[in-house]
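This report looks at one protein model, moving from a pair of strands to a helix and then to a group of aromatic rings. Please keep the structure in view while reading.

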Amino acid sequence: MMPLRCLSELTRRQRWRPGRAVDAMKVGLQCLTRATDSLRFSYMYATSCADVPEVLPSETPLSDMLVDSFGRFHNYLRISLTERCNLRCQYCMPAEGVELTPNTELLSHDEIIRVAGLFVTSGVDKIRLTGGEPTVRKDIEDICLHLSGLKGLKTLAMTTNGLVLSKKLPKLKECGVNALNISLDTLVPAKFEFMTRRKGHSKVMESIDAAIELGYKSVKINCVVMRGMNDDEICDFVEMTRYKPVNVRFIEFMPFDGNVWNVKKLVPYAEMMDKVRQRFKGLERLQDHPSETAKNFKIDGHAGTISFITSMTEHFCAGCNRLRLLADGNLKVCLFGPSEVSLREPIRAGVDDAGLREIISTAVKRKKDKHAGMFDIAKTANRPMIHIGG
């Protein structure tokens with residue numbers, strides 16, 4: 001139980017049982033104990049090559065809607081705007097592509113803004129727009145403008161493949177996008193074409209440079225590392241941070257329907273770290289926020305930083321603060337869990353905001369304490385990443 005709810009419980013008992021100071025003190029002590037246990041649980045599963053930083057979450061839930069049964073407050077919402085993409089990355093979808101949801105069954109502009117508003121008024125202060133490829137949606141600028149205007153939202157981020165970003169970025173920045181993740185899995189143009197089944201490596205590099213020139217302080221480059229594909233480029237990506245003020249994020253290869261995942265393709269975090277340590281000196285662990293998914297490092301003399309997202313070998317479920325709204329309106333509370341609940345259907349059936357909040361709250365309360373193990377994940381039915389939205 002979160003401290004805020006405990007305070008309400010204490011106040012309620014004091015109101016109905018005046019003069020019972022001993023009982024009130026007992027309730028207060030119980031609440032403090034439960035809050036402490038919750039924090040202890042959050043660190044129980046934390047793993048890193050350094051001690052866990054002694055930093056406690058500063059977020060306070062505005063409502064109970066976004067707090068799960070393990071006391072985790074979800075202040076981060078990822079919204080997939082479309083299932084369409086202008087690349088065909090091998091780890092994202094099969095070569096033949098995937099069946100896309102009809103446009104009539106995707107959330108409209110107004111539906112996205114309405115749902116996002118419910119989350120923000122309940123405590124979400126960070127929204128990330130994903131896809132598919134979010135920049136292919138025609139009303140992307142208008143959506144960004146309305147989302148950035150939501151009172152209480154601090155960060156409006158976007159994950160993009162960067163193919164057309166350089167042209168759209170000035171306008172997107174004007175519309176409130178203040179953080180970027182750009183996907184790039186290779187620095188070799190020919191390999192890029194093989195991995196994505198499309199051309200466009202130079203355009204992605206242009207987008208990275210455009211983001212830096214426009215003054216973005218948070219430019220992250222997502223690199224999914226696959227054995228025999230791009231694991232020989234890890235140090236080349238690290239070298240990229242010597243002069244560019246970017247954060248390269250090495251992501252362990254994860255299993256989703258259609259991407260032919262195999263444990264032999266997985267390059268574990270420990271192995272990636274060994275490669276980096278052998279080549280670069282002065283590697284220093286940075287202090288991570290408890291809800292951070294990445295293990296962050298800086299290297300002496302480098303303008304940028306590097307990070308490792310260890311979803312497969314060292315999960316970070318205890319500090320999870322993320323929820324996902326899919327393009328078809330389904331709410332997904334765990335990336336690796338098959339459970340989803342539709343928000344589109346009740347919206348179009350006329351359910352009011354109070355009813356939607358109850359549906360969201362129920363889904364969040366059903367979230368499990370952690371996802372399955374690596375090999376169980378590989379056997380669990382899940383949608384292709386193009387449907388989930390990154």
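## A strand and its partners

In which sense do strand β4 and β5 pair, and over how many bridges? In this predicted model, strand β4, which spans residues 179–183, pairs with β5 in the parallel sense, and the pairing runs over four bridges. Within it, serine 183 stands opposite asparagine 222 of β5. β5 also pairs with β6, again in the parallel sense, over six bridges, and there isoleucine 221 has valine 248 in β6 as its bridge partner.

## One side of a helix

Helix α9 covers residues 269–279, and its buried residues are Tyr269, Met272, Met273 and Val276. These residues cover an arc of only 100° around the axis, which puts them on the same side of α9.

## Aromatic rings

The structure holds four aromatic pairs. In one of them, the ring centres of phenylalanine 297 and phenylalanine 308 are 5.8 Å apart and the ring planes stand at 80°, so the pair is edge-to-face. Since phenylalanine 297 lies in strand β8 and phenylalanine 308 in strand β9, the pair ties together parts that are 11 residues apart in sequence.

Phenylalanine 297 is buried, with a relative accessible area of 1%, and phenylalanine 308 is buried as well, with a value of 0%. Together with Phe237, Phe250 and Tyr269, Phe297 and Phe308 form one aromatic cluster.

## The whole chain

Taken as a whole, the protein has 13 helices and 12 strands, and 52% of its 390 residues count as buried. Among contacts with a separation of 6 or more, 73% are accounted for by residues 24 or more positions apart. The accessible surface comes to about 18,000 Å², and 55% of that surface belongs to carbon and sulfur atoms.

Note on methods
Residues numbered from 1 in each chain as written. Predicted model: local features only at pLDDT ≥ 70, side-chain atom pairs only at ≥ 80, totals over all residues. Heavy atoms only, no water. Helix = DSSP H or I, 4+ residues; strand = E, 2+ residues; numbered from the N terminus. Buried < 20%, exposed > 50% of the residue type's maximum accessible area, 1.4 Å probe, protein only. Contact = heavy atoms within 4.5 Å. Areas by Shrake-Rupley, 256 points an atom, 1.4 Å probe, with all protein chains shown as cover. Arc of directions from axis to C-beta. Pairing = 2+ DSSP bridges. Phe/Tyr/Trp six-rings, centres within 6.5 Å; stacked < 30°, edge-to-face > 60°.
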